[in-house]
Amino acid sequence: MYSYRRCPYAMRARLSLYLARIEFFIYEISLKNKPEHMLAVSPKGTVPVLILGDNQIIDESLDIMIWAFSHQGIMDKYLPQDKKQISLSLINSNDTSFKKNLDSYKYAYDDNKRENAFKKCLDYVSELDLLLEKNEYLLDDCPLMVDYAIFPFIRQFINVDVLKFEDEGFKKINQWFNRILSSNEFEHIMMKSKIS
Ligand SMILES: N[C@@H](CCC(=O)N[C@@H](CS)C(=O)NCC(=O)O)C(=O)O
């Protein structure tokens with residue numbers, strides 16, 4: 001898999017492959033100097049790009065997650081039918097509006113725009129926080145695909161300014177965040193690759 005260690009999309013893909021116990025090689029790329037072979041098999045030029053044994057290419061992070069879980073027959077465990085619709089809807093909000101607001105919060109030069117984007121990000125975080133009133137993870141007491149797909153983006157959001165986020169007092173999100181952050185699976189997928 002072509003990957004970039006700090007990319008949240010690549011993190012969710014690596015997490016799913018790890019959870020599914022699928023062995024894979026990581027080819028760590030530089031986003032500024034993408035390998036020709038990667039661009040040849042996936043001209044859109046984003047990571048992650050997974051190349052299967054039969055040369056089939058999967059170059060969308062959610063497709064990689066779904067492929068990994070279904071390949072190992074553990075789809076029901078991570079994306080149970082009764083939670084499928086809400087899971088995909090929460091992930092879709094993450095990948096569209098939350099990601100857009102997160103980028104403005106991170107990169108906007110104008111202070112008002114940054115603050116506005118921060119507030120908009122908090123709307124989504126509050127929605128997640130509310131879900132965590134009921135369970136330890138977003139939709140259950142064990143982590144599902146939805147948790148692993150969203151977590152890397154919340155991590156980016158919190159890391160922009162940890163103290164500013166902590167001032168908001170989202171206790172449940174903080175607990176959920178720390179639980180996944182300190183998990184074996186996250187630690188494993190963040191280990192520095194020896195092949196690059
Ligand atoms: N929709 C894609 C998005 C992947 C994506 O945007 N990855 C970023 C890195 S975090 C990327 O490769 N950007 C290309 C670049 O910066 O040139 C997915 O889910 O896999």
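Predicted model: local features only at pLDDT ≥ 70, side-chain atom pairs only at ≥ 80, totals over all residues.
**Ligand surroundings and helix packing**

An oxygen atom of the ligand lies 2.9 Å from a backbone N or O atom of valine 47. In serine 61, a polar side-chain atom is 2.6 Å from an oxygen atom of the ligand, while an N or O atom in the side chain of glutamate 60 lies 2.8 Å from a nitrogen atom of the ligand. The residues that surround the ligand also include Cys7, Pro8, Tyr9, Leu31 and Lys34, together with Gly45, Thr46, Pro48 and Asp59.

Attention now turns to helix α5, which spans residues 81-107. With helix α6 (residues 111-131), α5 packs at an angle of about 150°, the two axes being 7 Å apart. Since angles over 145 degrees count as roughly antiparallel, α5 and α6 are therefore roughly antiparallel to each other. Their crossing is left-handed. Among the residues making this contact are Leu90, Ser93 and Asn101 of α5 and Arg114, Phe118 and Leu128 of α6. By class, the contact of α5 with α6 comprises eleven nonpolar, four polar and three charged residues.

Helix α7 (residues 145-160) also packs with α5, here at an angle of about 15° and with the axes 10 Å apart. The helices α5 and α7 are therefore roughly parallel to each other, and their crossing is left-handed. Residues of α5 including Ser87, Ile91 and Lys106 meet residues of α7 including Met145, Phe153 and Val160. This contact of α5 with α7 has 13 nonpolar residues, alongside three polar and two charged ones.

How values were computed. Residues numbered from 1 in each chain as written. Heavy atoms only, no water. Axes fitted to C-alpha atoms, helices over the stretch in contact; angles between N-to-C directions. Helix = DSSP H or I, 4+ residues; strand = E, 2+ residues; numbered from the N terminus. Parallel < 35°, antiparallel > 145°, perpendicular 65-115°, else oblique. Left-handed = near helix turned anticlockwise from the far one by under 90°. Contact = heavy atoms within 4.5 Å. Nonpolar A, V, L, I, M, F, W, Y, C, P; charged D, E, K, R; others polar. Near = heavy atom within 4 Å. Polar contact = N/O pair within 3.5 Å; in protein donor to acceptor, adjacent residues only side chain to side chain.
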